[in-house]
Amino acid sequence: MELRVLHYFLAIAREENFTRAAEQLHVTQPTLSRQIADLEQELGVKLFLRSNHHIVLTQDGMMLKRRAQEILSLADKTKRDFLRGDEALEGVISIGSGEFLSTRILTDCIARFREKHPLVQFEIYSGNAGNIRERMERGLLDVGLMSEPIDIRKYDFAAMPVKEQWGALVREDSPLAGKEFLRPQDLVGLPLISTLGDFLESSVAKWLGDYARQVRIIAKGNLLYNEAMLAQSNIGAVICIRLNCRYDGLRFLPFSPALTNDTALAWKKEQRFSAATTAFLDFAKKYLKDMSNDKL
């Protein structure tokens, strides 16, 4: 299976037409058809269902589309990692990050690093711990900023020197808005918006204790902006961590007793990184260590 043929396959899947795909790829339609026929024979599956006007992907075709996108993305990333000059450090560093207060520390670290290495570029992928870990395993991300605990069997990491504080975003016209903090019993009976995942297994559920099964989760999300829009529309209060941002008409109330968690910058053990990524990890470890020492 050649990367060139995967490019051809994705072009056809995108255009849903061999003729248009051939024009974009600057190849003849018979050549394109032959390449796809050879690919189908190699894989032993049918990739497209053909009609007079357009084509659609089969189930096997949809699976190959996802894999091909990942393979070509990884190939492109690998190529870029090696395209660096002899004198100045160059390359592209891919970082996954959740939405945290510690994200600002990460971006400050990136800014300081680029003062020394201005030719290095960064790609930032936003997600939760689960899909960041998945993309790291596939080689699509070099580093991930995630909530602890970190699996130390698979990852090396540097702890971020800040605690993430849990609470809820409530509307300013809510009866709760006058409180300084929220206790577990305050959430009973309220419509709530939480992060994706099993709520009863979350740290918030453990904080709620006996009240955990008495709360009403009416929506879930993985980006706070979208969840805040739901709260502004008076759908419910958002269970979240405090961030350095404000939303009109909403107020953040911390939990009491306080609920916090740690985050860390993590990367796969025993993985060979590009020169740029290796230099960044060395810089970040020292940067975060110095910040932690300054707080002592």
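## Loop residues with positive phi

At 74% relative accessibility, His26 counts as exposed, and this residue sits in the loop between helix 2 and helix 3. In this predicted model, the phi angle of His26 is near 60°, a positive value in a residue that is not glycine.

Glu16 is another non-glycine residue with positive phi, here near 55°, and its place is in the loop that runs between helix 1 (3-15) and helix 2. With a relative accessible area of 38%, Glu16 is partly exposed.

## Packing of helix 2 against helix 3

The two helices on either side of His26 also pack against each other: helix 2 (residues 18-25) and helix 3 (residues 29-43) have axes 9 Å apart and meet at an angle of about 105°. Helix 2 is therefore roughly perpendicular to helix 3, since angles of 65 to 115 degrees are assigned to that class.

On the side of helix 2, the contact is formed by Phe18, Thr19, Ala21, Ala22 and Leu25, which meet Gln29, Leu32, Ser33 and Ile36 of helix 3. Sorted by class, the residues in this contact are six nonpolar and three polar, with no charged residues.

## Nonpolar cores

The largest nonpolar core holds 57 residues, and the residues with the most contacts inside it are Leu169, Phe255 and Phe280. Helix 9 (residues 275-295) supplies the largest share of this core, with seven residues.

When neighbours within four places in sequence are left aside, Leu169 is in contact with Leu224, Ala228, Ala237, Val238, Cys240, Tyr247, Leu250, Arg251 and Phe252. Of these partners of Leu169, Cys240 is itself buried, with a relative accessibility of 6%.

## Cysteines

A search of the whole structure finds zero disulfides. For Cys240, the closest cysteine sulfur belongs to Cys245 and lies 8.6 Å away, which is too far for a bond, because a disulfide requires the two sulfur atoms to be within 2.5 Å. Cys109, at 3% relative accessibility, counts as buried, as does Cys240 at 6%.

Glu148 and Pro149 are joined by a cis peptide bond whose omega is about 10°. Pro149 is placed in the loop between strand 5 (143-147) and strand 6 (155-159).

The peptide bond from Ser256 to Pro257 is cis as well, with omega near 0°, and Pro257 lies in the loop between strand 11 (250-254) and strand 12 (260-261). Leu250 and Phe252, two of the residues in contact with Leu169, fall within the range of strand 11.

Asp60 belongs to helix 4 (residues 59-82) and is partly exposed, with a relative accessible area of 37%.

Asp60 and Lys206 are 146 residues apart in sequence, and their C-alpha atoms are 42 Å apart in space.

How values were computed: Residues are numbered from 1 along each chain as its sequence is written. This is a predicted model: local features need pLDDT of at least 70, side-chain atom pairs count only at pLDDT 80 or more; totals for chains, interfaces and linings use all residues. Side-chain values use heavy atoms; hydrogens and water are left out. A nonpolar core is a set of buried Ala, Val, Leu, Ile, Met, Phe, Trp, Tyr and Cys residues joined through side-chain atoms within 4.5 Å. Buried means under 20% relative accessible area, exposed over 50%, partly exposed in between (1.4 Å probe, protein chains only). Helices (H or I, at least four residues) and strands (E, at least two) are DSSP runs, numbered from the N terminus. Contact means heavy atoms within 4.5 Å. Axes are lines fitted to C-alpha atoms, for helices over the stretch in contact, and angles run from 0 to 180 degrees between N-to-C directions. Angles under 35 degrees count as roughly parallel, over 145 as roughly antiparallel, 65 to 115 as roughly perpendicular and the rest as oblique. Ala, Val, Leu, Ile, Met, Phe, Trp, Tyr, Cys and Pro count as nonpolar, Asp, Glu, Lys and Arg as charged, and the others, Gly among them, as polar.
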